[in-house]
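User: Please take a close look at one part of this model, the surroundings of the ligand. Begin with a loop residue for contrast, then go on to the ligand shell.

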Amino acid sequence: TEEDLADLEWQGDAPAAKERPVPPVLAVVGRPNVGKSTLINRILGKRVAVVQDTPGVTRDRVRYDAIWNGRPFIVVDTGGWESKVKGLDLSVAQQAELAINEADAVAFVVDATVGATSTDEEVVKLLRGSGKPVVLVANKVDSDMQEADAAYLWSLGLGEPYPVSALHGRGSGDLLDKIMKILPQTSLVNSRYRSEGPRRVALVGRPNVGKSSLLNRLAGEERVVVNELAGTTRDPVDEFIELDGEAWTFVDTAGIRRRVHQTSGADFYASLRTQNAIEKSDLGLVLLDASEPLTEQDVRVIQQVVDAGRALVIIANKWDLVDVDRQEEFNRELERELVQLSWAQRVNLSALTGWHTNRLSSAMNNAYENWNRRITTSKLNNFLGELSAAHPHPVRGGKQPRILFATQPSAAPPRFVIFSTGFIEHGYRRFIENRLRETFDFSGTPIEISVKVRE
Ligand code: GDP
Ligand code: GDP
């Protein structure tokens with residue numbers, strides 16, 4: 001009815017999830033056995049720890065909702081990563097780097113009874129380089145007698161060590177007060193909730209496909225490096241690159257620039273890093289090496305972008321090595337592996353020679369704009385009215401579900417809700433999706449369609 005439509009139209013203007021503020025994120029980092037878990041339990045107190053429900057690899061991270069003096073924040077327990085990658089040699093420093101990337105502030109825990117080890121020093125370097133606020137926790141200071149142990153940790157150069165006994169609670173109130181001082185009011189790290197600033201892109205792909213080559217070429221060709229764009233918060237691990245007059249934030253480039261030492265845990269590490277980068281971005285730029293057969297890992301990275309609901313541009317790199325036969329073969333591989341992704345934007349280029357790298361920005365802009373596209377309820381319903389009149393849903397068991405109306409409650413990525421008189425089968429949904437894509441140009445972006453049945 002008209003009223004329903006008016007309601008839905010209004011919903012369409014409601015703030016999307018994108019602008020909803022999230023509590024700031026505190027990562028707790030340190031060597032095994034320094035007392036990270038004990039400290040987190042102390043922070044959470046008697047409250048029920050709610051494990052946050054986040055998709056993808058993030059299930060390997062443990063995030064808890066916490067509150068202190070009425071202010072909510074999220075605690076990330078990196079200890080969980082250790083047990084997950086037992087035997088995989090994910091170093092403490094690697095863990096710290098991941099945690100720092102996704103946190104607004106870091107609590108760095110050192111066992112004061114042991115003092116700072118060389119591993120601790122390594123983490124300190126990362127923390128200093130990150131520019132993120134850090135609080136140094138001198139743990140296992142169970143009594144006044146041990147305060148002196150804590151004072152030694154001044155030498156780490158991270159400022160005042162906070163003597164704490166996570167086990168007994170000694171000093172934990174002061175520590176929490178300090179933590180609340182260094183945490184921002186709302187999280188700055190998660191772009192999903194960011195409302196302004198340059199478009200954010202994650203340059204991802206398996207090792208050796210040419211990520212760092214491409215990054216260097218783009219940064220070198222278009223010398224920008226805008227130091228401070230007004231009103232933006234810039235993560236020190238990100239880089240601004242201007243492409244054809246459009247500023248982009250390439251997130252987590254530190255990991256691309258610094259060639260990561262290949263340890264046995266590297267796959268797991270790379271996968272977490274990729275997931276982090278995608279979550280922080282609007283658009284995933286997935287590099288493939290076109291001179292080599294498509295691998296499972298390639299497909300997985302692309303799927304990560306789609307599952308996260310981000311815009312997608314696929315880059316077929318090393319095109320200088322690709323002859324006509326390989327071109328055909330490569331196209332067949334893509335078609336076979338990415339059946340449902342014919343909508344993805346694709347650019348063939350060579351990071352090495354620079355061939356066609358100038359085509360990248362228009363593909364990125366295109367995908368980004370389509371990702372943000374909003375169709376008015378009236379246009380959408382005109383479209384669906386014509387579609388269902390010309391191609392009604394097939395009759396099933398004597399019944400024929402009828403489409404009543406539809407709306408697009410949110411964009412980035414576009415989400416549609418269709419109201420109908422009965423269950424709409426999968427094939428017909430795909431048909432609607434394809435027609436939607438043809439009519440309104442959603443190339444380069446996943447779209448979601450859900451159906452609600454009205455009696
Ligand atoms: P994690 O590996 O860093 O998460 O460390 P845990 O929280 O599992 O703690 C390792 C060990 O140190 C456990 O046996 C804890 O009981 C102990 N521990 C943690 N905090 C304290 C503390 O403040 N004082 C003392 N004496 N022991 C502690
Ligand atoms: P990353 O691990 O994804 O960052 O990959 P790199 O940028 O380090 O590239 C891996 C290797 O591929 C290096 O030897 C590059 O010189 C080479 N490479 C990168 N892009 C191209 C390209 O377009 N053509 C050719 N022939 N080689 C490339």
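Analyst: Ala 308 is partly exposed, because 19 other C-beta atoms lie within 10 Å. The cut-offs are 20 or more such atoms within 10 Å for buried, 12 or fewer for exposed, and in between for partly exposed, with C-beta atoms placed from the backbone. Ala 308 sits in the loop between helix 11 (296-307) and strand 11 (311-317). Helices (H or I, at least four residues) and strands (E, at least two) are DSSP runs, numbered from the N terminus. From Ala 308 to Leu 283 is 10.0 Å, C-alpha to C-alpha, across 25 residues of sequence.

This is a predicted model: local features need pLDDT of at least 70, side-chain atom pairs count only at pLDDT 80 or more, and totals for chains, interfaces and linings use all residues. Residues are numbered from 1 along each chain as its sequence is written, while chains are lettered from A and ligands numbered from 1 in the order in which they are written.

Now the ligand. Around ligand 1 there are 15 residues, and Gly 35, Lys 36, Ser 37, Thr 38 and Leu 167 come nearest. Near means a backbone-placed C-beta atom within 6 Å. Helix 2 (residues 36-44) gives the largest share of this shell, three residues.

Helix 2 also has a buried side. Lys 36, Leu 39, Ile 40, Arg 42 and Ile 43 are buried there. Seen down the helix axis, the buried residues fall within an arc of 155°, so they line one face of helix 2. That arc is taken from the directions from the helix axis to the C-beta atoms. Just after helix 2, Gly 45 has a positive phi of about 60°.
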